[in-house]
Every structure is written in C-alpha cells, then in structure tokens.
Amino acid sequence: MTKIELTVDGAAVSDDVEPRMLLVQYLREKLGKTGTVIGCDTSNCGACTVHLDGTSVKSCNVLAVQANGRTVTTIEGLADAAEGELHPVQEAFRECHGLQCGFCTPGMIMQAVDLLAENPDPTEEEVRLGMEGNLCRCTGYHNIVKSVLHAAKSTEGATA
C-alpha cells in the first residue's frame, strides 16, 4: 500500500492505496465520486475525464499515486453546491440539449471546461478538434458543439 494525499473537489483527502489502483477507481470506489464514469478502461472514450491540476486527463490512464500532492476536480466539483448553481458549461449543456443518455456527459463537460480555459472564444472547428478525444455513442455531436459554443458566449470576459 502507498499513502497518498491530494485535494479532490476542494477537500483534502488522505488514503492508503495499492500502487496499481487507477485514479478513476480511487475516485469512484474510495471517494464515491460516481459522476466520473468508467467507459472503456483504455483511454479511448473520455467518459472518465477529470481535471488534474486544472488540466483534463482521462482518469483511467492515471494511477491514483500519480495524483499524490495534486488537485483533482471531478464533475461533482464543478457546480457551486453552496449556491445551488451549475457551472456555466453544465448550464450550457442543459440549455442546448448537449446530451442524450448522459453517459459521456461528465467527461464531455470536463473536457469542454479545459478547452474553454485554453481558448475562451473557439470556432466550431476548434471545438470539434478540442473534443475529439471524447466519444458519444448517441449523438452526431451537433448539440455538444452547440453547447460548448454557447458556454463560450455566456462566459465572455470570464474564465471558464
């Protein structure tokens, strides 16, 4: 077992984990962060995307021990729970119907937040390129792209 200490969604956590435990398993099984979805376990689909020190990563491709001393944000950590408000990207996905079954949605939103942090005013092509590592098996991506572009417009002048 290896001791890890990290911050998850603003809370300091400390645990003993097996060195081979994936970050996605740690978040779901040890911390109950089930919004982080296991989609493929091969880093192909992006459903497990979280932020590690502010950058999106596929948590099925990161060991929990690699997050030691770092900050992880999950889909549960995006919304302002105290105020009962969704993050602007979450709100845009709701408003623009950027989901169908919802399985890929947490990863899509986490990737979109990172994309907009890097490029607050993307073109449609830039959104499509920035989201290409996240797969949706239900849609043609039209409303996902529309949602990201809507979020960019609704957060103009502010960081996503």
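A residue is called buried here when its relative accessible area is under 20%, exposed when over 50%, and partly exposed in between, using a 1.4 Å probe and protein chains only. His51 has 6% relative accessibility, so His51 counts as buried. Before going on: this is a predicted model, where local features need pLDDT of at least 70, side-chain atom pairs count only at pLDDT 80 or more, and totals for chains, interfaces and linings use all residues. Residues are numbered from 1 along each chain as its sequence is written, and side-chain values use heavy atoms, leaving out hydrogens and water.

Back to His51, which sits in strand β3 (residues 49-52); strands are DSSP runs of E, at least two residues, numbered from the N terminus, while helices are runs of H or I, at least four. The His51 side chain comes to 2.7 Å from the backbone oxygen of Met110. Setting aside residues up to four places away in sequence, His51 touches Val72 and Met110, among others, where contact means heavy atoms within 4.5 Å.

Val72 also turns up beside Leu6, a residue in contact with Tyr26 and Ala67 too, among others. Leu6 belongs to strand β1 (residues 2-8) and, at 4% relative accessibility, counts as buried. The C-alpha atoms of Leu6 and Val72 are 7.5 Å apart, although 66 residues separate them along the chain.

Now for the helices. α3 (residues 88-95) packs on α6 (residues 142-154) with the axes 8 Å apart. The residues making that contact include Val89 and Phe93 of α3, plus Ile144 and Val148 of α6.

Definitions and conventions
Axes are lines fitted to C-alpha atoms, for helices over the stretch in contact, and angles run from 0 to 180 degrees between N-to-C directions. A polar contact is a pair of N or O atoms within 3.5 Å; within protein, one must be able to donate a hydrogen and the other to accept it, and residues adjacent in sequence count only if both atoms are side-chain atoms.
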